[in-house]
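Work through the exercises below with the sequence and the model open. Each task is followed by a solution in steps.

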Amino acid sequence: MVGLSEGEKHFIRGGIAQDVRTDGRRRLQFRSLSVQTGVIPQANGSARVRLGATEIIASVKAELGKPSILHPDKGKVAIFVDCSPTAEPLFEGRGSEELSAELSVSLQRCLLGGKSGAGAAIDLSSLIVVDGKVCWDLYIDGLVVSSDGNLLDALAVAIKVALSDTGIPKVNVSVSAASDEEPEVDVSDEEFLQFDTSGVPVIITLTKVGRHYIVDATSEEESQMSSAVSVSVNRHGQICGLTKRGGAGLDPSVIFDMISVAKHVSQQFISLLDSEIAAAEAEKEAQ
């Protein structure tokens, strides 16, 4: 928990009310963003993302598996989050486990849709190799290295960047005469298919402090919030998911307004992220 004096709390709330935050940003302004790809050579894709003083490392591992009986035409994606105890004193012991579980669930809701697969931002059908028999299973791991607020948004960015860096090995399938037999697969070590991230959204969290809401809140600002709404938005402005935290209730009209603001802010943020990913890829190829 961030320990603040009453004067500091008043200063944070007053600044937000005046649209001048403690670090000089306006209410709907993000901190500086930096992106690095290919940070874990053993992974199929990886990224390091810094959003202000919040730092995340994400990795993607692809393994061949079998589609579920309920969804024979789709691959599977699992998202796991780990909060390093060195990132924040609060992460020591059970605090880390509870927050990691909460962040994992929120990311799955925003990126993978409901249990039926409806609303999934990641195209699971693109992971199928042979219907009902062979698919790719993606294991996405996010590690919080340094924490200064807005973890959910930063994790979503790191996952999107890591997926853009992900190469799925090309698979050649030997068609068996008997349809009930397991097909023989040959996984290429040289040919890779780039994972399509065009539909993967960003998450914009609007944190309500007093009568106003802000994006990309720091830990100090989050300590003064009454509630927060996280909206998952793709580049077409479509809402892919929504989660809320904080005890205070919100009027439906306020939630609709927050969604509208999130959609507007997301398009600027996606453009910024696209340019950062392109720069990171160019730097990686130049090495």
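Two strands count as paired if DSSP finds at least two bridges between them. Helices (H or I, at least four residues) and strands (E, at least two) are DSSP runs, numbered from the N terminus. This is a predicted model, in which local features need pLDDT of at least 70 and side-chain atom pairs count only at pLDDT 80 or more, while totals for chains, interfaces and linings use all residues. Residues are numbered from 1 along each chain as its sequence is written, and side-chain values use heavy atoms, with hydrogens and water left out.

**Exercise 1.** Determine the strand order of the open sheet that 4 strands form, and identify its edges.

Step 1. The order is β10-β9-β11-β12, with antiparallel pairing.
Step 2. β10 (212-215) and β12 (239-245) each pair on one side only, which makes them the edge strands.
Step 3. From one strand to the next, the twist averages 20°; axes are lines fitted to C-alpha atoms, for helices over the stretch in contact, and angles run from 0 to 180 degrees between N-to-C directions.

**Exercise 2.** Find the bridge partners of Ser232 and Thr207.

Step 1. Strand β11 (residues 227-233) pairs with β12 over 6 bridges, in the antiparallel sense.
Step 2. Ser232 has Gly241 in β12 as its bridge partner.
Step 3. β9 and β10 are antiparallel as well, over 4 bridges, and here Thr207 has Ile214 in β10 as its bridge partner.

**Exercise 3.** Which strands does helix α3 lie across?

Step 1. Helix α3 (residues 151-164) lies across β9 (202-209), β11 and β12; contact means heavy atoms within 4.5 Å.
Step 2. The helix runs at about 170° to β9.

**Exercise 4.** Search the whole structure for aromatic pairs and classify what is found.

Step 1. Rings of Phe, Tyr and Trp (its six-membered ring) pair if their centres lie within 6.5 Å; planes under 30 degrees apart count as stacked, over 60 as edge-to-face and the rest as tilted.
Step 2. The search finds 1 aromatic pair.
Step 3. The ring centres of Phe30 and Phe269 are 4.3 Å apart and the planes are at 15°, so the pair is stacked.
Step 4. Phe30 is in the loop between α1 (6-17) and β1 (33-37), and Phe269 is in helix α5 (residues 252-286), 239 residues apart.
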